[in-house]
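Dear colleague,

I am passing this structure on to you, together with some notes on what turned up in it. Please have it open beside you as you read.

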Amino acid sequence: MYEPITVEIDRGYGDGTYRSHTINFTGRLVRTIEEGYTTMRLYEWVDRGCLVYLVHVEADYPGRPPRRTLFPFVN
């Protein structure tokens, strides 16, 4: 069943600064994989009749700010 999902992503601005942004969509969590300091989540989202998979990668190494990225994959 699809439900509202909110993920945080970080964007670099060339001068070494990063800002966090919030992405909201309606979908479902398919799978979560955790390995060391990295967590990957696979989401399923239907957009305009197309099934899209989104992979959210979050790396949280000690002493560094967290890095979060969202990658789309169209099936």
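Glu44 is buried, at 9% relative accessibility, where buried means under 20% relative accessible area, exposed means over 50%, and partly exposed lies in between (1.4 Å probe, protein chains only). The side chain of Glu44 meets that of Arg28 in a salt bridge with 3.1 Å from N to O, a salt bridge being a side-chain nitrogen of Lys or Arg within 4 Å of a carboxyl oxygen of Asp or Glu. This pair links distant parts of the chain, with Arg28 in strand β2 and Glu44 in strand β3, 16 residues apart; strands here are DSSP runs (E, at least two residues), numbered from the N terminus. Arg28 itself is partly exposed, with a relative accessible area of 32%.

Before going further, please note that this is a predicted model, in which local features need pLDDT of at least 70 and side-chain atom pairs count only at pLDDT 80 or more, while totals for chains, interfaces and linings use all residues. Residues are numbered from 1 along each chain as its sequence is written, and side-chain values use heavy atoms, with hydrogens and water left out.

The structure holds three salt bridges. Besides the one already described, Arg68 forms a salt bridge with Asp10, their closest N and O atoms being 2.9 Å apart, and this pair joins strand β5 to strand β1 across 58 residues. Both Arg68 and Asp10 are buried. In another bridge the side chains of Arg41 and Glu58 meet at 3.7 Å, N to O, with Arg41 in strand β3 and Glu58 in strand β4, 17 residues apart. Arg41 counts as partly exposed at 24% relative accessibility, and Glu58 is also partly exposed, with a relative accessible area of 22%.

Turning to the nonpolar residues, the largest nonpolar core has six of them, namely Ile5, Val7, Phe25, Tyr43, Val52 and Leu54; such a core is a set of buried Ala, Val, Leu, Ile, Met, Phe, Trp, Tyr and Cys residues joined through side-chain atoms within 4.5 Å. The elements that give two or more residues to this core are β1 (3-12) and β4 (50-59). Leaving aside its neighbours within four places in sequence, Leu54 is in contact (heavy atoms within 4.5 Å) with residues including Phe25, Tyr43, Trp45 and Leu70.

The structure also holds three aromatic pairs, where rings of Phe, Tyr and Trp (its six-membered ring) pair if their centres lie within 6.5 Å, and planes under 30 degrees apart count as stacked, over 60 as edge-to-face and the rest as tilted. Phe25 and Tyr43 form an edge-to-face pair, 5.6 Å centre to centre with 80° between the planes, and this pair links strand β2 (residues 18-35) with strand β3 (residues 38-47), its members being 18 residues apart. Phe25 is buried, with a relative accessible area of 8%, and Tyr43 is likewise buried, at 8%. Ring pairs link Phe25, Tyr43 and Trp45 into a cluster.

The rings of Tyr37 and Tyr61 have their centres 5.4 Å apart and their planes at 50°, so that pair is tilted. Tyr37 is partly exposed at 47% relative accessibility, as is Tyr61 at 37%. Finally, Arg64 lies over the face of Tyr61, at 5.4 Å from the ring centre, a charge being over a ring if NZ of Lys or CZ of Arg is within 6 Å of the ring centre and within 35 degrees of the ring normal.

With best wishes

Terms used: Helices (H or I, at least four residues) and strands (E, at least two) are DSSP runs, numbered from the N terminus.
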